[in-house]
Amino acid sequence: MAQYAGRGVHGQTVEVIARRILTGEIAEGATLNLGALQEELDVSLTALREALKVLTAKGIVDARQKRGTFVRPRADWNLLDGDVIRWQLADGADPLLIDQLQEVRSIIEPAAARLAASRASVEDV
C-alpha cells in the first residue's frame, strides 16, 4: 500500500487534500478552487495537478469542462483502496466501516487461500 505522505511535496499535497475531503471540510460536490489551493498549500500548479490525478484515480475527485475539478459523491470513491481506508481510519474508526471491511475480508480471504493452496507448486509449499 503506497503511503503518499513520504513522497515529498506531491505526497503531502495528496494527503492534505484527501484528509480535507474525507473529513468533510471540502464537501461532496464542491468545486475546488485550484488557484486558492495552490497558494494556500504553497505548491506549484504541477504538484497540485499531480496530486489531483492521484485523487481522480481513487474516484474522489473529477474534472469536467465548464465545471472544473470537483469532489465526487462518496458512493463513487474507491473505498477499498488502501490509502482511502487509511485516510478514513486516521480520523477515528467508523464502526460501520470496520464491520463492512471485516465482512468483505471474510468473503474474499477464504476463497483466496483456497485458490492459493490448490495452485501451489511443490516449491511454493
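In strand E2, Gly-68 is the bridge partner of Arg-64, and Thr-69 of E2 is the bridge partner of Ala-63. The model is a predicted one, in which local features need pLDDT of at least 70 and side-chain atom pairs count only at pLDDT 80 or more, while totals for chains, interfaces and linings use all residues. Residues are numbered from 1 along each chain as its sequence is written, and side-chain values use heavy atoms, with hydrogens and water left out. Helices (H or I, at least four residues) and strands (E, at least two) are DSSP runs, numbered from the N terminus.

**The hairpin**

- Strand E1 (residues 61–64) and strand E2 (residues 68–71) pair in the antiparallel sense over four bridges, where pairing requires that DSSP finds at least two bridges between two strands.
- Three residues lie between E1 and E2 in this hairpin, and Lys-66 in the turn has a positive phi of about 70°.

**The nonpolar core**

- The largest nonpolar core has 21 residues, and those with the most contacts inside it are Ile-21, Leu-55, Ile-60 and Trp-87; such a core is a set of buried Ala, Val, Leu, Ile, Met, Phe, Trp, Tyr and Cys residues joined through side-chain atoms within 4.5 Å.
- Two or more residues of this core are given by each of helix H1 (8–22), helix H3 (45–57) and helix H4 (82–90), and the largest share, six residues, comes from H3.
- Leaving aside residues up to four places away in sequence, Ile-21 touches Ile-26, Ile-60, Val-61, Val-71 and Trp-77, contact meaning heavy atoms within 4.5 Å.

**Helix H3**

- The 13 residues of H3 should span 18 Å at 1.5 Å a residue, which agrees with its end C-alpha atoms being 18 Å apart; the expected span is 1.5 Å times one less than the number of residues.
- Ala-47, Leu-48, Ala-51, Leu-52, Val-54 and Leu-55 are the buried residues of H3, buried meaning under 20% relative accessible area, exposed over 50% and partly exposed in between (1.4 Å probe, protein chains only).
- Seen down the axis of H3, these buried residues fall within an arc of 155°, so they line one face of the helix; the arc is that of the directions from the helix axis to the C-beta atoms.
- Thr-46, Lys-53 and Ala-57 are exposed on the other side of H3, whereas the cover over its buried residues includes H1, helix H2 (34–41), E1, E2 and H4.
- Gly-59, which follows H3, has a positive phi, near 80°.

**Salt bridges**

- A search of the whole structure finds ten salt bridges, each a side-chain nitrogen of Lys or Arg within 4 Å of a carboxyl oxygen of Asp or Glu.
- Arg-20 forms a salt bridge with Glu-40, with the closest N and O atoms 2.6 Å apart; because Arg-20 lies in helix H1 and Glu-40 in helix H2, the pair ties together parts that are 20 residues apart in sequence.
- Arg-20 counts as buried, at 16% relative accessibility.
- Lys-58 and Asp-83 meet through their side chains in a salt bridge (3.0 Å, N to O); Lys-58 lies in the loop between H3 and E1 and Asp-83 in helix H4, so this pair ties together parts that are 25 residues apart in sequence.
- Both Lys-58 and Asp-83 are buried.
- In the salt bridge between Glu-109 and Arg-105, the closest N and O atoms are 2.6 Å apart, and these residues, being four residues apart in helix H5 (residues 95–119), are separated by about one helical turn.
- Glu-109 counts as partly exposed at 40% relative accessibility, as does Arg-105 at 44%.
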